[in-house]
Amino acid sequence: EPGDGGQRCVALDVPVAVMLGEQLRETPFGRLLLGDAVHGGDLQFNTITHIGKGWTDDLCIVRTFNGAELACSPSHRLIRNRVDRDGGAVRDLRVGEFILTSINGCIERSRIKQIIHTRQRAQVGMPTVTPGYTFAAGRKYATNWLDGLIMRLREVVGKRDVRMIISHNA
């Protein structure tokens, strides 16, 4: 769609789960390289073969009840369950629907808590991956004050949770 990045995209500052050695790490989308291995769900990793970039005129923020958050274009597709081969465009999803999230590399279903249409223009991008079609992107957000405190304490001791939403790459 015009003004929607020309494709289904995530914001360039959104972390993507990348395998570095034997550890799952967060890398901002804008720093991804061809050949990087991205987390695609459970024990599946996909290799980046192409990176496309564009713009959206309505950056959307999707938040789940289990604390995952993703900034993306309205046409970006999120995976709803383990047999979903196409994903659902953010603009067509509703609060309360299930989507797949990744918590420290493990897949978990969670309901959508919020979909915020910011109406902000933002640069976005999309990787093409193989052999699969999914990648994990996003960040953890504090769902309440206690969660925020625990999140900060875990970061201080170096045990940061990697919480992301499973996305479709096309």
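Buried, in these notes, means under 20% relative accessible area. I am working from a predicted model.

**Entry 1: D58**

I looked up D58 first. It is found in the loop between β5 (44-56) and β6. Its relative accessibility is 12%, so I put D58 down as buried. I then asked which side chain the side chain of D58 makes a polar contact with. The partner is the side chain of H117, at 2.9 Å. With residues up to four places away in sequence not counted, I noted that D58 touches C72, S73, P74, H117, T118, R119 and Q120.

**Entry 2: R119**

R119, listed among the residues that D58 touches, lies in the loop between β11 and β12. I checked its backbone and found phi near 60°, a positive value in a residue other than glycine. R119 has a relative accessible area of 60% and is therefore exposed.

**Entry 3: salt bridges**

I counted four salt bridges.

D57 forms a salt bridge with R121, and their closest N and O atoms are 2.9 Å apart. D57 lies in the loop between β5 and β6, and R121 in the loop between β11 (106-117) and β12, so this pair ties together parts that are 64 residues apart in sequence. I looked up the cover of both residues. D57 has a relative accessible area of 40% and is partly exposed. R121, at 54% relative accessibility, counts as exposed.

E69 forms a salt bridge with R63, where the closest N and O atoms are 2.6 Å apart. Is E69 buried or exposed? I have E69 as buried, because its relative accessible area is 13%. R63 counts as partly exposed at 23% relative accessibility.

R80 forms a salt bridge with D84, with 3.0 Å between the closest N and O atoms. R80, at 30%, counts as partly exposed.

**Entry 4: the nonpolar cores**

I turned to the largest nonpolar core, which has 31 residues. Which of its residues touch the most other members? They are V16, V62, L70 and L78.

I took L78 for a contact list. Leaving aside neighbours within four places in sequence, L78 is in contact with V62, L70, D84, G87, G88, V90, L93, I99, I165, I166 and S167. I noted that V62 and L70 are also among the core residues that touch the most other members. D84 is on the L78 list and is also the salt-bridge partner of R80.

There is a second, separate core of nine residues. Its members include I79, I107, Y133 and M164.

**Entry 5: G88**

G88 is on the L78 list, and I looked it up next. Its place is in strand β9 (residues 88-89). At 5% relative accessibility, G88 counts as buried. Leaving aside neighbours within four places in sequence, G88 is in contact with H76, R77, L78, R80 and L93. I also took the separation of the C-alpha atoms of G88 and E69, which is 16 Å. These two residues are 19 residues apart along the chain.

**Entry 6: backbone geometry elsewhere**

I found a cis peptide bond that joins T130 and P131, with omega about 10°. The place of P131 is in the loop between β12 and β13.

N104 has a positive phi of about 50°, although it is not a glycine. I placed N104 in the loop between β10 (98-103) and β11. N104 counts as partly exposed, at 42% relative accessibility.

**Entry 7: a surface patch**

Last, I looked at the surface. Which residues form a nonpolar patch there? W145, L146, L149, I150 and L153 do, and together they have about 530 Å² of accessible area. I checked one of them, L146, whose place is in helix α1 (residues 145-156). L146 is at 41% relative accessibility and so counts as partly exposed.

Terms used. Residues numbered from 1 in each chain as written. Predicted model: local features only at pLDDT ≥ 70, side-chain atom pairs only at ≥ 80, totals over all residues. Heavy atoms only, no water. Patch = residues over 30% accessible without salt bridge, like charges linked within 9 Å, V, L, I, M, F, W, Y side chains within 5 Å. Areas by Shrake-Rupley, 256 points an atom, 1.4 Å probe, with all protein chains shown as cover. Salt bridge = Lys/Arg side-chain N within 4 Å of Asp/Glu carboxyl O. Helix = DSSP H or I, 4+ residues; strand = E, 2+ residues; numbered from the N terminus. Buried < 20%, exposed > 50% of the residue type's maximum accessible area, 1.4 Å probe, protein only. Core = buried A, V, L, I, M, F, W, Y, C linked by side-chain atoms within 4.5 Å. Contact = heavy atoms within 4.5 Å. Polar contact = N/O pair within 3.5 Å; in protein donor to acceptor, adjacent residues only side chain to side chain.
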